[in-house]
Number of protein chains: 2
Amino acid sequence: MKNLDKLFYPGSIAVIGASEANAKWGSLIITNIIDGGFKGPIYPVSSTHDTVYGLKAYKSILAIPGPVDLVFVATPANTVMDILRECTTKEIQDVVVISSGFSETGSMGVLLEKQIIEFAANHSMNIVGPNTMGMSNLHWNLHGTGAYLRPNPGGISIIAQSGNIGSQIMIWAEMEKIGISKFVGSGNEAVLKVEDYLEYFNSDENTSVILMYLEGVDDGRKFLDIAKNTCFNKPVIALKAGRTEGGGRAAQSHTGAMAGSFQIFESGMKQAGITVAMNPTELLELAAVFDCFPLPRGNRIGIITLGGGWGVITTDECEERGLCLPPLPDNIKKIFDAKLPPFWSRANPVDLVGHFDYTLFHEAIEAMISSDEYDALIVLGLLGVVKFGIQFSNAAYRMGFLSEEQFRLYEGMSREVDTKILDMVLTMMNKYDKPIYPVSFASYPEDETVYIKSGSKYKVIVYKAPELAVLCLSKQYQYSKYLQTHRPR
Amino acid sequence: MKNLDKLFYPGSIAVIGASEANAKWGSLIITNIIDGGFKGPIYPVSSTHDTVYGLKAYKSILAIPGPVDLVFVATPANTVMDILRECTTKEIQDVVVISSGFSETGSMGVLLEKQIIEFAANHSMNIVGPNTMGMSNLHWNLHGTGAYLRPNPGGISIIAQSGNIGSQIMIWAEMEKIGISKFVGSGNEAVLKVEDYLEYFNSDENTSVILMYLEGVDDGRKFLDIAKNTCFNKPVIALKAGRTEGGGRAAQSHTGAMAGSFQIFESGMKQAGITVAMNPTELLELAAVFDCFPLPRGNRIGIITLGGGWGVITTDECEERGLCLPPLPDNIKKIFDAKLPPFWSRANPVDLVGHFDYTLFHEAIEAMISSDEYDALIVLGLLGVVKFGIQFSNAAYRMGFLSEEQFRLYEGMSREVDTKILDMVLTMMNKYDKPIYPVSFASYPEDETVYIKSGSKYKVIVYKAPELAVLCLSKQYQYSKYLQTHRPR
């Protein structure tokens, strides 16, 4: 395994080609690193400037007084080899080559890239790229990317064979409050390849889930071996692009990836235990669910719903995805008989027929999740419904028939109900070690989609729509089953 | 066809069971109607109050002095028949029965509902429900629902056989700025059935697209005949729940719908020209695309992308959904040869290799959309990328290396670029009558997802991810093909 500690947890950083705010890569990288609050020394290297953002700039790496752990290179392709030589002189092994102009541009670039490959092999260098948009470690305040990406620190580490797809996923994570550990755009993979990052993230304590966007893998066998080993330890979610003939051609034109047969590679991924996503949004959502919820031990699902329609939709989605809905055991029927009107469904999904009552929710969820009949629970519409109440009281307040004090009191109490439900869901998951997937009645942009409470082993994702909750649950079940049947004991 | 003009465009409204802010249905409905700004007289009817929100309340409908076009009933089931009799005395034909306690609750309720059905038939009444969450007309400031739903007025009319699914779709529409025309929760469909609303919306000038959530249809033949006729005139998008055995059982328990064979009904829907959605989010997104973009005449797609990875993903999605990507004609290659570095893809997808240049975007989009080789265009990552520039300058400003004035100037200019791109996309769509689907690099919650400009025939939806854009495009193509082959000339 390649030791990438200094790459992802450097004590000090140099940026070659650093400058101030002019939209060039050398400027973007150093602006991002400083703004991101990196804790160690940052050394700009510039042939034209004496300072960059008030930091003393050096004419070369060799002129830097202290030790340097990690170097970002953002100068033209033909300068890179000299810089690598200087790095070895200064005993630097970890370099991120942002610069483009290598194998992606034609035969001259291919030659330049070969030089890098040989040099790195002879000097045991860890090189990211070239032609990468950079890397970041959110647990280390390290933001070494050409795009401005600020998700919360969390458990998901990302390997992207496309800078723009990777960036977009990071932005979605930021918007949805999904926590990210590390990010690397693997670029041309001249030296460090997707499997090297995978192997390193497997051993990384701050990584709980690994997310990959792939176009092509040079050594399929090696990659799948490492993936298999990793999947026994933590979930790996991958989107492999180039599934179709046209997609394969586009991938070759983009990263030079020889797509090979997608079907063969896909079945290899599945045999290795990788969770396969079909598109970028799925990729992130699947990574998030593994980071937040416990694994279901089986595929027996209980559904509690505030309204009938959701129950129907969710049942369809469950059955189509290989999940099953066992009927309600008698003891649970009895509980609801005492609480619901006589015409209640008496079946799974349990339809609460619009009864909004926190005590009922609590009792319903605990009855179902504690039952040996169910491995997981989906709860539909309990969250978010208080919003309507708030808006109606707000209307009454605007009309002058409720005082501001009364309205604020009501608003506060209502919001508390949603938090109480989230806390209860978290408590139940921790207590019974089974996942509970809530789908919100009304999700507003300002809502937290990931609910985190300190001291809790798990987190809660609040889904906007039932189909996404079911997809995530079904993939968690498949991984759980894979581990049960494949993991060496 | 049933004339539902007074139902959807009433001049005056009475609410039976009206009261002030106490979370009961009669209170929710009148609060919503007043707060929604309904323009005509509103008459509360209450046995216990003299005024409701300052409006004079009447003891019965018969005591109301002026004419009443539409009545909402929110009193217990056993009061409904008397109220209907009073309605006929006052020559009121249009009634929304919010009240539950009918066929959904057992044999007594079935009897009560039968009485309503007979009475309505004898007196030519249009009755929504019973057991409905209400209806609304956003072009008429009419918000007669028990949930607080405020999307913008627009072209999509919604028929929902589930109040909670319908409400959720309305909330999503509000959040995504998707315009809605009318909404009706059809409830138990004692009198007015899904096909009656469908037929009416077909003739409604303010409806451009019809969206339906279905669990079961009593008269499948009649429904499909009306649907077929409607689809020749405007797009109909439907989600039929109860696809699976379990889903069918849940539907029966919910609305009493006999699901029948989903496969047979689905093929009937497709033969009628209905666009079939697989889940609630798809349902809304598909309705929106038909409301905003022109129909593509064929399935030949051009892709322009700022980065390679998106091009690969999008190609996969296109080919899997029956769309094709014709190669670039020579004249278009020449245009890009002059603009892009020598190693550019020279293929469709056109990879702009990160060149952010408005003039290039303009030229690229016009070259592709004006070409006879392409029926539609997908443009990836051009929108939203300016956000990074803003955040980097903001960082430089926070560090004290850019004045506030400089930063604000830069921010304003950058934001203008996105608006300029949207305007250009709109201009091109109007000029060439072909759809252009933009996918944003970075979408933030505050972003408008639907871009509307007065005077433009079309609107622009900005997609968050390529897979959704391709899904929507492919369904538009299927409908376009259906019209070309089935519509009588």
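How many residues from chain A and from chain B does the contact take? It takes 79 residues from chain A and 79 residues from chain B, with contact meaning heavy atoms within 4.5 Å. The model is predicted, with local features needing pLDDT of at least 70 and side-chain atom pairs counting only at pLDDT 80 or more, while totals for chains, interfaces and linings use all residues. Residues are numbered from 1 along each chain as its sequence is written, chains are lettered from A and ligands numbered from 1 in the order in which they are written, and side-chain values use heavy atoms, with hydrogens and water left out.

The C-alpha atoms of chain A fill a box of roughly 80 × 55 × 40 Å along the principal axes. Of the 489 residues in chain A, 63% are buried, where buried means under 20% relative accessible area, exposed over 50%, and partly exposed in between (1.4 Å probe, protein chains only). Among contacts in chain A with a separation of 6 or more, 75% join residues 24 or more positions apart.

Turning to the interface, the area buried between chain A and chain B is about 6,200 Å², and carbon and sulfur atoms give 65% of that area. Buried area here is the accessible area (1.4 Å probe) that two parts lose on being put together, summed over both. Eight salt bridges are found across the interface of chain A and chain B; a salt bridge is a side-chain nitrogen of Lys or Arg within 4 Å of a carboxyl oxygen of Asp or Glu. On the side of chain A that touches chain B, the elements giving two or more residues include helix 2 (25-35), helix 5 (163-176) and helix 14 (386-398) of chain A. Helix 11 of chain A gives the largest share of that side, 11 residues. By residue type, the side of chain A that touches chain B divides into 36 nonpolar, 27 polar and 16 charged residues. In this division, Ala, Val, Leu, Ile, Met, Phe, Trp, Tyr, Cys and Pro count as nonpolar, Asp, Glu, Lys and Arg as charged, and the others, Gly among them, as polar.

Ser162(A) lies in the loop between strand 10 (153-160) and helix 5 of chain A. Ser162(A) is buried, at 2% relative accessible area, and its side chain makes a polar contact of 2.8 Å with the side chain of Asn164(A). Not counting residues up to four places away in sequence, Ser162(A) touches Tyr213(A), Glu215(A), His254(A) and, from the other chain, Gly309(B).

Over all chains, the structure holds 46 salt bridges. Asp225(A) and Arg221(A) form one, at 3.5 Å from N to O; these residues are four apart in helix 7 (residues 220-231) of chain A, so about one helical turn separates them. Asp225(A) is partly exposed at 44% relative accessible area, whereas Arg221(A) is exposed at 55%. Lys453(A) pairs with Asp423(A), the closest N and O atoms being 3.3 Å apart. That pair links distant parts of the chain, 30 residues apart, with Asp423(A) in helix 15 (residues 404-432) of chain A. A network of salt bridges links Glu404(A), Arg408(A), Glu411(A) and Arg415(A).

Helix 7 of chain A also holds Cys231(A), which is buried with a relative accessible area of 0%. The C-alpha atoms of Cys231(A) and Tyr479(A) are separated by 8.9 Å, although the two residues are 248 residues apart along the chain.

How values were computed. A polar contact is a pair of N or O atoms within 3.5 Å; within protein, one must be able to donate a hydrogen and the other to accept it, and residues adjacent in sequence count only if both atoms are side-chain atoms.
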